[in-house]
Amino acid sequence: MKALLSGNEAVARGAWEGGVHVGCAYPGTPSTEIMEALSQYPEVYTEWSVNEKVSLEVASGASFAGARAMVAMKHVGLNVAADPLFSLSYIGATGGLVIVTCDDPGMHSSQNEQDNRHYARSAKVPLLEPSDSQEAKEFTRLAFEISEEFDTPVMVRLTTRISHSKSIVELGERKEVPVKEYVKDVKKRVILPAHARERHGFVEERMERLRKYAEEFPYNRIEEGDPELGIIADSVAYMYAKEVFPEASFLKLSMVWPFPRELVRRFASKVKKIIVVEENDPFIEEQVRLLGIEVTGKDKIPLVGELNPTRVAVCLGVKKEEELPKPELPHIPKRPPALCPGCPHTGVFNVIRKLKLIATGDIGCYTLGTLPPLNAMDTCVEMGASIGNAFGMQLVMKDDKLRKKVVAVIGDSTFFHSGITGLINLYYNRGITTVIILDNRTTAMTGHQDHPGTGKTAKGEKGREVDLVKLIKGIGIEHVYVVNPYDLKELTEVIKREIEREEPSVIIPRAPCVLLRRGEKFTPMRVIEDKCTGCRVCLKVGCPAISMRGDKARIDPFLCTGCTLCQQTCPFGAIEFVEEK
Amino acid sequence: MTKSIVICGVGGQGILVASDILSLAAMYSGFDAKKSEVHGMSQRGGDVISTVRYGEKVYSPLIGEGMADIILGFEKLEVLRNLSLLKPDGKVIVTDFRLDPLPVACGLDEYPDDVIGWIKKNVSDVHVVDAVKVAVELGNIRVTNVVMLGALSGHIPEIKKEAWEQAIRERVPQKYVDLNLTAFERGCNIS
């Protein structure tokens, strides 16, 4: 049977067909749909873990106990999970252990363009790279077999264009793989230095065996064409290059680590000239160069940004820049993403802006609080950074007034992911930071996944709910306040009071993400035209439902959720609820 | 020959559903099909673009400048934004619908005048269809996307009628199937 699947759905399907027992993930674009899709299969235990490190720890535990397990994460998630990854390379796998990383060339939804192929090399684990959904399914299934045969975790690397492109996949059936019996083996699984020294020798020997496997791996294939030009490419870059050079000879690399050097040498002997087409870093190119083979690559193809067929054609001289369409256009305003109408975060950012606070931020929808007209965020580094960043800034700020302007802003899911340790650090080291946890009862940006604070599992079943207030009070922080994020007066009062305190405090503006309330019937608000002076203060709220029509403000009744933020902001009392008919 | 179609508009307009339906319909018509789309940060009320490609054998799911045969625009400014993707002899099908980006709504930027005029200045083959009006007549603005697909269908007869229907049935929620089939039909007659 055939189906049109995204790369992410295909990975889940491949894992299921390959007999996976356990799947763990923390959501992150472009990886999120892998675990969402895997959760649909009743044979597989799946979870939203609190973060990627814990994901990999749970999955490797399952592997120790003989089960097949998979984790999926976005590229930067692997930074969080890097610690167990490096140990697990030495420990190896009992049940197949597969780590899926989804890189984001072009940074559609990420803070950097890191190339996780480097992780495979530095952690010394094999790496498979599918170039469409069919391969995503096949490689994931195969990854479990490679993992068990070679006693190693296996990485599968997708990119945004593989994860979020759909293509046709031939579906297979599930092969049930029994969970192996647990056998205690401390020399393998307790990596004391004495054990690890021995295991390191094993790892090097394993990688040599895996290299030979990569040389013969059927998806690393030479496609003979014009001998004048040989192209080496991986992932979706292979597809772009095929589009541009239909006649050329190709070496399609699907298992890029360990690097199949003999295969590359063989290919090089058949063609006159070699070009490597790859996204991000010159990973393959450098390996080819190490073999003493002359090669063209990143001298022509950019390190920055995502490729596409046109870009490849222009960089490699098939098309001239001048030949590209250059439409004559007026100024086109940008359309940046924005907080939704009725978003519970909007009010908090209005207060932060009004009080001229310095807000260290974090990763989530609320990072959008940085953009105009809110302009209410000063920093954003990585998951959980806001709390440590705020504490660090306050440490060195001599001016007490300035110091007390600093607040940390973090989402509920991000707080569970990696904010807790920052908060404990702050408390222990005598910090005074006010931490604002924007609790919208979900992981919103990635499409509404549950987390410990919601108490629902990845399968939509009832789990156990972590009480945020009790958790924080348990640390020893006495001042913890849950507030209504739609009440600007209350928000302002509480924030003003808490930033003055010589103790740490936590404010939790709590209301469900407005997108979770889609079924509800909202009574929208309207502008009373006689009272509106056209002062535009309401536009500063940052609500996409409000715009100017002529010299009066107008509220779009289809977008408005009746949250009243604009009404509370209007100095002329010119906004009211639309009367019910 | 591979055909490349760009569907563009604003997050929330049903672009991803539309490109799913088109890809499925291409598959059910016996073609190889691929599509690309964006999720996450790039979706929240921001501009959204999805490309669909079908033919005997499709390599890249993504296209670059000068590769699109057709741009199907759910919001007119977004057509302008993506116009460089169109082939010199390409076609634009657009609904005359305006959604202000937040910077425009806040008075920080301006929406250009006569967007349709600008499109026509650059493209000779432009079809303006009032899909939003039809969707509103049908009682649900959210089916604009499927009305637009109906309008597109006349320009790509290689995708068969039954394939469209099968794709719509598969991709939209059960209770909205009839509404969407009607929307598609109305779209077919619009062009």
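User: How is the crossing of H7(B) and H8(B) to be read, left-handed or right-handed?

Analyst: The crossing of H7(B) and H8(B) is right-handed. Please note at the outset that this is a predicted model. Helix H7 (residues 161-171) and helix H8 (residues 177-190) of chain B pack at an angle of about 145°, and their axes are 9 Å apart.

User: How does one describe chain B as a whole?

Analyst: One may begin with the secondary structure. Chain B has eight helices and six strands, and along the sequence they follow the pattern β-α-β-β-β-α-β-α-α-β-α-α-α-α. The overall dimensions come next. A compact globule of 191 residues would have a radius of gyration near 16 Å, and the 16 Å of chain B agrees with this. Its C-alpha atoms fill a box of roughly 45 × 35 × 35 Å along the principal axes.

User: What share of the residues of chain B counts as buried, and what share of its contacts joins residues at least 24 apart?

Analyst: Of the 191 residues of chain B, 58% count as buried. Among contacts in chain B between residues at least 6 apart in sequence, 66% join residues at least 24 apart.

User: How many residues of chain B are in contact with chain A, and which element of chain B gives the most?

Analyst: In the interface, 52 residues of chain B are in contact with 46 residues of chain A. Elements giving two or more residues to this side of chain B include helix H1 (15-28), strand E2 (32-36) and strand E5 (86-95). E2(B) gives the most, with five residues. The residues on this side of chain B divide into 26 nonpolar, 14 polar and 12 charged.

User: In which sense does E2(B) pair with strand E8 of chain A, and over how many bridges?

Analyst: Strands of a sheet pair through backbone hydrogen bonds, either parallel or antiparallel. In this case, strand E8 (residues 165-170) of chain A and E2(B) pair in the antiparallel sense over three bridges. Within E2(B), B:Lys35 is the bridge partner of A:Lys166.

User: How is the strand order E9-E11-E10-E13 in chain A to be understood?

Analyst: These four strands of chain A form an open sheet in that order, with mixed pairing. Strand E9 (221-223) and strand E13 (274-277) of chain A are the edge strands, each pairing on one side only. The twist averages 20° from one strand to the next. E9(A) is joined to strand E11 (residues 248-253) of chain A by three bridges, and the two run antiparallel; A:Ile222 stands opposite A:Leu251 in E11(A).

User: Which strands does helix H11 of chain A lie across?

Analyst: Helix H11 (residues 235-244) of chain A lies across strand E10 (226-234), E11 and E13 of chain A, and runs at about 150° to E10(A). Helix H13 (residues 283-290) of chain A lies across E10, E11 and E13 of chain A, and runs at about 150° to E13(A).

User: Why is helix H15 of chain A described as largely enclosed?

Analyst: Seven of the nine residues of helix H15 (residues 346-354) of chain A are buried, so this helix is largely enclosed by the rest of the structure. Among the buried residues of H15(A) are A:Val348, A:Phe349 and A:Ile352. The buried residues of H15(A) pack against several elements of chain A, including strand E16 (434-438) and helix H20 (488-499). Just after H15(A), A:Lys356 takes a positive phi of about 55°.

How values were computed:
Residues numbered from 1 in each chain as written. Chains lettered and ligands numbered in written order. Predicted model: local features only at pLDDT ≥ 70, side-chain atom pairs only at ≥ 80, totals over all residues. Contact = placed C-beta atoms within 7 Å. Nonpolar A, V, L, I, M, F, W, Y, C, P; charged D, E, K, R; others polar. Pairing = 2+ DSSP bridges. Axes fitted to C-alpha atoms, helices over the stretch in contact; angles between N-to-C directions. Left-handed = near helix turned anticlockwise from the far one by under 90°. Buried ≥ 20, exposed ≤ 12 C-beta atoms within 10 Å, placed from the backbone. Rg over C-alpha atoms; globule rule 2.2 N^0.38 Å.
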